[in-house]
Amino acid sequence: MMEQYVEIKSANPGLLLFYRMGDFYELFFEDAEVASRALGITLTRRGKHLGEDIPMCGVPVHAAEDYLNRLIALGHRVAVCEQTEDPAEARRRGSKSVVRRDVTRLVTPGTITEDSLLDPGRANFLAAVARLRAGEGRDELAVAWTDLSTGAFRICTTSLTSLAGDLARIEPRELVVPDSLLSDPVARSTLEQSGAAITPQPGPAFDSSAAMDRLQRYFEVRTLEGFGTFSRAECAAAGAVLAYVEKTQFGQRPALQRPVREGVSDTMYIDAATRANLELTRTLSGERQGSLARSVDRTVTGAGARLLVQRIANPLMDTAEIRRRLDSVDFMLAHEGIARAVRESLKAVPDMPRSLSRLSLNRGGPRDLRAIAAGLAGVRAMAGMLTGKELPTELSKAFAAMEAAPAGLEDELCAALEDDAPLLARDGGFVRDGYHDELDELRQLRDESRKVIAAMQTRYAEETGIRSLKIRYNNVLGYFIEVTAGNAGPLIESAGRFTHRQTLANAMRFSTGDLAGVESRIANAAARALEIELSIFQSLRDRVLAEASTIDASAEAVSVLDVSAAFARLAAEQEYCRPEIDESLAFRVEGGRHPVVEQSLRRNGGSFIANDCDIGANGSEGGRIWLITGPNMGGKSTFLRQNALIAILAQAGSHVPAKSAHI
């Protein structure tokens, strides 16, 4: 066994090996020492290696996700090694044969998909940084990032000077980088400051030519032209992400969306230091509570919360798109009844993108199918609320996506699945009674075998006229019909139907083809019932995955509705105004308030004293910027942050804390 362990461990260097032994995952040697410290579990010893005791610790299989969560949070990567054959099969090869095992999955910070390991309101990005040498001082850098739990996939060009800001904006959990990049002190420092777990990969994983082929194969296209125009560095980064996904998922193909290229001018660049000081998505101490995103978040779904964070982290530079987002907020403010009904419906909508991702990776279960059904029901309900309304552009697109959601799939899933479905398909019991005739019969045999046998006994007694006829069971004959010797005549005369099995002093025993068949079916009912349920699950899973693109689109529409309704609620609750957005250099805010500080003061019974700000077209002179402020502005530093946050809220498409604002 230890020879097998060492062989598997040597093929997965740098990862903690969860080695399956019965009902436990065991760790040995240095892995055991690391896991023991990280998880606070007892370190024991088992056997010897090179004359030394072998350190060992283990975690129960049923509680493995909790331990994985803690290890991943600490930046560790784990290789999960499962038993790939039944121990009985191993014994047939010899008494000392070892059960075959193999690594079935690599669990890393950037590739987790389980709800228990994920923050519902935070994206879980895996990113890759590629650098192509283009001559002295002309290196090309690009970043590609994807969220396996939702399928989002994006690419952008960057540079060594802007890399820190881009990584701070993306907030990846894990960074895949070429070995050569880590040998550059400046690049290494930038990567380490991102806070992501860094995973070096060999140079060939970042080859741009191989990357194009990999992207074309993955998305089943002959050319990438339909996706946009990508530079060689962007292709290399995207290809490296896919290569790492394929390496860690062992042949499973996650439902990734087609890569979207983010242009340099699409969003406002904010360097890492400024972003940290503004505390857009987390405070200086690393907490979410107290950040701008948390303070203004009124969303009710995980997908909506993730979109809100994305918008705040990526302030738009396109004034037309900003206005379209603001129009959506205005619609929700003007139609309070619709906004309230939408938010109520949203509360019942599960996280469809993450359920869809798990299903595509064969990690999903019946609850994920139920989540898709519930999500589609919510989509249909909200589409009905918006039908016939004059919608602004953004909400009109969302409405079209919701209307295009697959018809009939929700009903099919609801008809097939129990409301209270188990987490894992292998547990069975998730298909509704009445959905599958053979399954119902098998369940009856499994769960009500006594009733089935009693019914057969009654039928045989009526057919033969022998009221004392009994059906009994023993380990030698199985199920058999027993009658007294004096009553055996009708059964002996019907030799074609009743087969004589045994004669006793006062009784005779018979069997029938029907009884033998029932016996066999009872013995195999549980296994066959589970087999049918798993087949139904696979069929429903395939049906859902066939509609993955439309389900994704409708889920994205739901998140847009959530953010629009949330910003409207924020505006009404905190008395925010719609900012006037144009292409000028003007920045005028009347009665501005700090969006985070004000709420903190209100919770403690205080109030924020509003102030004014005028910068730009009418406030600049000779290259200098004048700040025209009201009294008690709370310090210049707080004042500057206040107005920067007002601008960022406006660029995210939200109303802002002021009487009026021109940005």
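In helix α19, which runs over residues 437–447, four residues are buried: Leu-439, Leu-442, Arg-443 and Leu-445. The arc they cover around the axis is only 160 degrees, so they sit on the same side of α19. Among the elements that cover these buried residues are α20 (449–464) and α22 (513–546). The model is a predicted one.

Helix α12, residues 302–313, shows another case of burial. Nine of its 12 residues are buried, which means that α12 is largely enclosed by the rest of the structure. The buried residues are Ala-303, Gly-304, Ala-305, Arg-306, Leu-307, Leu-308, Arg-311, Ile-312 and Ala-313. The length of α12 can also be checked. At 1.5 Å a residue, its 12 residues should span 16 Å, and its end C-alpha atoms are 17 Å apart, which agrees.

Next comes a pair of helices. Two packed helices are described by the angle between their axes and by the distance between those axes. Helix α13 (residues 319–334) packs against helix α17 (residues 393–403) at an angle of about 80 degrees, and their axes are 7 Å apart. Angles of 65 to 115 degrees count as roughly perpendicular, and α13 and α17 are therefore roughly perpendicular to each other. On the α13 side, the residues that meet α17 are Arg-324, Arg-325, Ser-328, Phe-331 and Met-332. Their partners in α17 are Thr-393, Glu-394 and Leu-395. Sorted by class, this contact of α13 with α17 holds three nonpolar, two polar and three charged residues.

Two single residues can be looked at in turn. Ser-357 is found in helix α15, residues 352–360. Is Ser-357 buried or exposed? Its relative accessibility is 3%, and the cut-off for buried is under 20%, so Ser-357 counts as buried. When its neighbours within four places in sequence are left aside, Ser-357 is in contact with Thr-113, Leu-148, Ser-149 and Thr-150.

Asp-213 belongs to helix α8, residues 208–219. With a relative accessibility of 41%, Asp-213 counts as partly exposed, because that class lies between the 20% limit for buried and the 50% limit for exposed. Along the chain, Asp-213 and Cys-235 are 22 residues apart, and the distance between their C-alpha atoms is 9.8 Å.

Methods: Residues numbered from 1 in each chain as written. Predicted model: local features only at pLDDT ≥ 70, side-chain atom pairs only at ≥ 80, totals over all residues. Heavy atoms only, no water. Axes fitted to C-alpha atoms, helices over the stretch in contact; angles between N-to-C directions. Helix = DSSP H or I, 4+ residues; strand = E, 2+ residues; numbered from the N terminus. Parallel < 35°, antiparallel > 145°, perpendicular 65-115°, else oblique. Contact = heavy atoms within 4.5 Å. Nonpolar A, V, L, I, M, F, W, Y, C, P; charged D, E, K, R; others polar. Buried < 20%, exposed > 50% of the residue type's maximum accessible area, 1.4 Å probe, protein only. Arc of directions from axis to C-beta. Expected span 1.5 Å × (residues − 1).
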